[in-house]
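Please look over the sequence and the structure shown below before reading on. The briefing then goes through the chain topic by topic.

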Amino acid sequence: MIWDAVKHENRKTGITWMQVRHASYSETLWVVIVRRGGEPWYLVTNRCIETEEQAWKIYKAYCRRWQVETVFRYEKSELAIETIRIWKKEKRNKFFHIISLVHSLLLHLLDDDYRDIITWIFREYCHRTGKKQKEAKVPIYRLRWALSRFFQEIRPVFLFAWNVQPSTAFHQGLNVRSQNSG
């Protein structure tokens, strides 16, 4: 039995493996076949598989890889890194570090410590009532959209603005929003 995080249930899962060859690849390959209901997964690997435990490790590695692919998809589509025009390796690495920090910040904001403010931001700037939106475990797309709309309306005042107190500017922004809403 394997836990299905999407359906929130244990699923009966079968696994088998076999050695295969490919005409354009000189080394031996193995295919792991996983049946979870519906269409089977065929996972090809160059790792030698001799036991069921090794086959399960390949399956779990592919599942983790899918999570990484999902993160890349998010970063490409939502954080605008589809066409990177940075040619120097050092600058490109800095850029990817900044993107990773932004992604980490968004995930951090979804922590329970920020539930009240994030609920307010969702309600005011990205109201959704659909079942999919309500059941989303990590509504990171919605959070990015809501924060984008929030900062377009209420321009942030940075600490280097000498004549403005940061807390005052933030509260003024919230007051402006509540006056416009009501």
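The model is predicted. Its chain has 182 residues, of which 26% are buried. The chain holds 6 helices and 5 strands.

**The chain as a whole**

- Along the sequence the elements follow the pattern β-β-β-β-β-α-α-α-α-α-α.
- Taking contacts between residues at least 6 apart in sequence, 36% join residues that are at least 24 apart.
- A residue counts as buried when its relative accessible area is under 20%, and as exposed when that area is over 50%.

**Helix α1**

- Helix α1 covers residues 52-78, which is 27 residues.
- From its first C-alpha to its last, α1 reaches 39 Å, close to the 39 Å expected at 1.5 Å a residue.
- The residues A55, W56, I58, Y59, Y74 and E75 of α1 are buried.

**Helix α2**

- Helix α2 runs over residues 89-109 and has 21 residues.
- The distance from the first C-alpha of α2 to its last is 30 Å, close to the 30 Å expected at 1.5 Å a residue.
- Which residues of α2 are buried? They are I99, H103, L106 and L109.
- An α-helix has 3.6 residues a turn, so residues three or four places apart point the same way.
- The exposed residues K89, E90, H97 and L101 are on the face of α2 that is turned away from its buried side.

**Helix α5**

- Helix α5 spans residues 140-153.
- Its 14 residues should span 20 Å at 1.5 Å a residue, and the end C-alpha atoms of α5 are 20 Å apart, which agrees.
- In α5 the buried residues are I140, R142, L143, A146, L147 and F150.
- They are on the same side of α5, because they cover an arc of only 150° around the axis.

**How α1 meets α2**

- The axes of α1 and α2 are 11 Å apart, and the two helices pack at an angle of about 105°.
- Angles of 65 to 115 degrees count as roughly perpendicular, and α1 and α2 are therefore roughly perpendicular to each other.
- On the α1 side the contact is made by V71, Y74 and E75, and on the α2 side by I99, S100, H103 and L106.
- By class, this contact of α1 with α2 has 4 nonpolar, 2 polar and 1 charged residues.

**How α2 meets α5**

- The axes of α2 and α5 come within 10 Å and cross at roughly 100°.
- That angle makes α2 roughly perpendicular to α5.
- In this contact, H103, L106, L107 and L109 of α2 meet I140, L143, R144 and L147 of α5.
- The residues of the contact of α2 with α5 divide into 6 nonpolar, 1 polar and 1 charged.

**H103, a residue in α2**

- H103 is placed in helix α2.
- Is H103 buried or exposed? H103 has a relative accessible area of 8%, which means that it is buried.
- Leaving out residues up to four places away in sequence, H103 touches V71, Y74, E75, L79 and I140.
- H103 takes part in the contact of α2 with α1 and in the contact of α2 with α5.

**F96, another residue in α2**

- F96 lies in helix α2.
- With a relative accessible area of 32%, F96 is partly exposed.
- F96 and E75 are 21 residues apart along the chain, and their C-alpha atoms are separated by 9.8 Å.

**R47, a residue in a loop**

- Where is R47? R47 lies in the loop between β5 (41-45) and α1.
- R47 is exposed, because its relative accessible area is 59% and the cut-off for exposed is over 50%.
- Not counting residues up to four places away in sequence, R47 touches W30 and I58.
- R47 and V31 are 16 residues apart in sequence, while their C-alpha atoms are 9.6 Å apart in space.

Note on methods
Residues numbered from 1 in each chain as written. Predicted model: local features only at pLDDT ≥ 70, side-chain atom pairs only at ≥ 80, totals over all residues. Heavy atoms only, no water. Axes fitted to C-alpha atoms, helices over the stretch in contact; angles between N-to-C directions. Helix = DSSP H or I, 4+ residues; strand = E, 2+ residues; numbered from the N terminus. Parallel < 35°, antiparallel > 145°, perpendicular 65-115°, else oblique. Contact = heavy atoms within 4.5 Å. Nonpolar A, V, L, I, M, F, W, Y, C, P; charged D, E, K, R; others polar. Expected span 1.5 Å × (residues − 1). Buried < 20%, exposed > 50% of the residue type's maximum accessible area, 1.4 Å probe, protein only. Arc of directions from axis to C-beta.
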